[in-house]
Amino acid sequence: MKKYLMIIVSVLLVLALVAGCAAETPKQEDEKEPTPEPTQDEPAGFYVEYNGQKLALGMKFADVKDKLGEEVRPEDVITPCDESDLYRDVLHHFEGLDITENKDGVIKEMSTDNADEAAPSSATINGKVKIGDTLESAVSVLGENEDYPLAEDMFGLTYTTDSTWVTIFVDETKTNVTGFYFMPFGEGW
């Protein structure tokens, strides 16, 4: 009788362990939690505000395209020289702002033209820093980093988050903001 009781208890214990393991399967190392995409109302980290729209890397371009205004010239399509489908970037040109969309329809890069003859841009970084602002006012809004104050051979300040690299360009006197460039940084790109 003790043998049967021991076997029944052992079987019940094994069944309990199997049921407990089945209820909670551990994630494999290569599985990642999905990164929440920035929303229109609350982009994470750095963003560009343009024509009343908050734009962040990782957002779907189609979600904001119609709200940005007319493109000032035809889009440029950038593909590999070997005609593979490794990537397909589409560069959209707006007044004072260029936006690059990747083959998945996601905003991959954003920049202003910081050339002297370029049209002024209404685009701002985080709704506060615009072209023409002083470098000091940009730093007071975005914070100091290891590049500040700028060395003589530096052309701008660079800020990074887990997913975004932002460079703020300055004029030759290192006094005023002349443009900016947002590009992907880190894993997931």
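This is a predicted model: local features need pLDDT of at least 70, side-chain atom pairs count only at pLDDT 80 or more; totals for chains, interfaces and linings use all residues.
Is Asp-89 buried or exposed? With a relative accessibility of 8%, Asp-89 counts as buried, where buried means under 20% relative accessible area, exposed means over 50%, and partly exposed lies in between (1.4 Å probe, protein chains only).

Residues are numbered from 1 along each chain as its sequence is written, and side-chain values use heavy atoms, with hydrogens and water left out.

Let us start with the overall layout. The protein chain contains two helices and 11 strands; helices (H or I, at least four residues) and strands (E, at least two) are DSSP runs, numbered from the N terminus. Followed along the sequence, these elements give the pattern α-β-β-β-β-β-β-β-β-α-β-β-β. The protein chain has 189 residues, and 34% of them are buried. Among contacts (heavy atoms within 4.5 Å) between residues at least 6 apart in sequence, 42% join residues at least 24 apart.

Now to the strands. Two strands pair if DSSP finds at least two bridges between them. S2, S1, S7 and S8 form an open sheet in the order S2-S1-S7-S8, with antiparallel pairing. S2 and S8 are the edge strands, each pairing on one side only. Two bridges join S7 to S8, and Thr-124 stands opposite Lys-130 in S8. Elsewhere, S9 and S10 form a hairpin with three residues between them. These two strands run antiparallel and are joined by five bridges; Leu-157 has Ile-168 in S10 as its bridge partner.

In soluble globular proteins, nonpolar side chains tend to be buried together. A nonpolar core is a set of buried Ala, Val, Leu, Ile, Met, Phe, Trp, Tyr and Cys residues joined through side-chain atoms within 4.5 Å. The largest nonpolar core here has 32 residues, of which Leu-97, Ile-99, Met-110, Ile-125 and Phe-182 touch the most other members. The elements giving two or more residues to this core are S1, S5, S6, H2, S9, S10 and S11. H2 gives the most, with four residues.

Back to Asp-89, as promised. A salt bridge is a side-chain nitrogen of Lys or Arg within 4 Å of a carboxyl oxygen of Asp or Glu, and by this rule there are two. In one of them, Lys-108 pairs with Asp-89, their closest N and O atoms being 2.7 Å apart. This pair links distant parts of the chain, with Lys-108 in strand S6 and Asp-89 in strand S4, 19 residues apart. Asp-89 is buried, whereas Lys-108 is partly exposed, at 21% relative accessible area. Lys-130 and Asp-133 also meet in a salt bridge, at 3.0 Å from N to O. Here Lys-130 is partly exposed at 42%, while Asp-133 is buried at 14%.

The backbone has a few spots to check too. Most residues other than glycine have a negative phi, and most peptide bonds are trans. Asn-51, in the loop between S1 and S2, has a positive phi near 50° and is partly exposed, with a relative accessible area of 43%. Asn-126 has a positive phi of about 55° and sits in the loop between S7 and S8, but this residue is buried, at 18%. The peptide bond from Tyr-148 to Pro-149 is cis, with omega near -5°, and Pro-149 lies in the loop between H2 and S9.

Finally, look at the surface around Leu-86. This residue lies in the loop between S3 and S4 and is exposed, with a relative accessible area of 62%. Ile-78, Leu-86 and Tyr-87 make a nonpolar surface patch of about 280 Å². Patches are made of residues with over 30% relative accessible area and no salt bridge: like charges are joined within 9 Å, and nonpolar side chains (Val, Leu, Ile, Met, Phe, Trp, Tyr) within 5 Å.

Methods: Accessible areas come from the Shrake-Rupley method with a 1.4 Å probe; for residues, only the protein chains shown count as cover.
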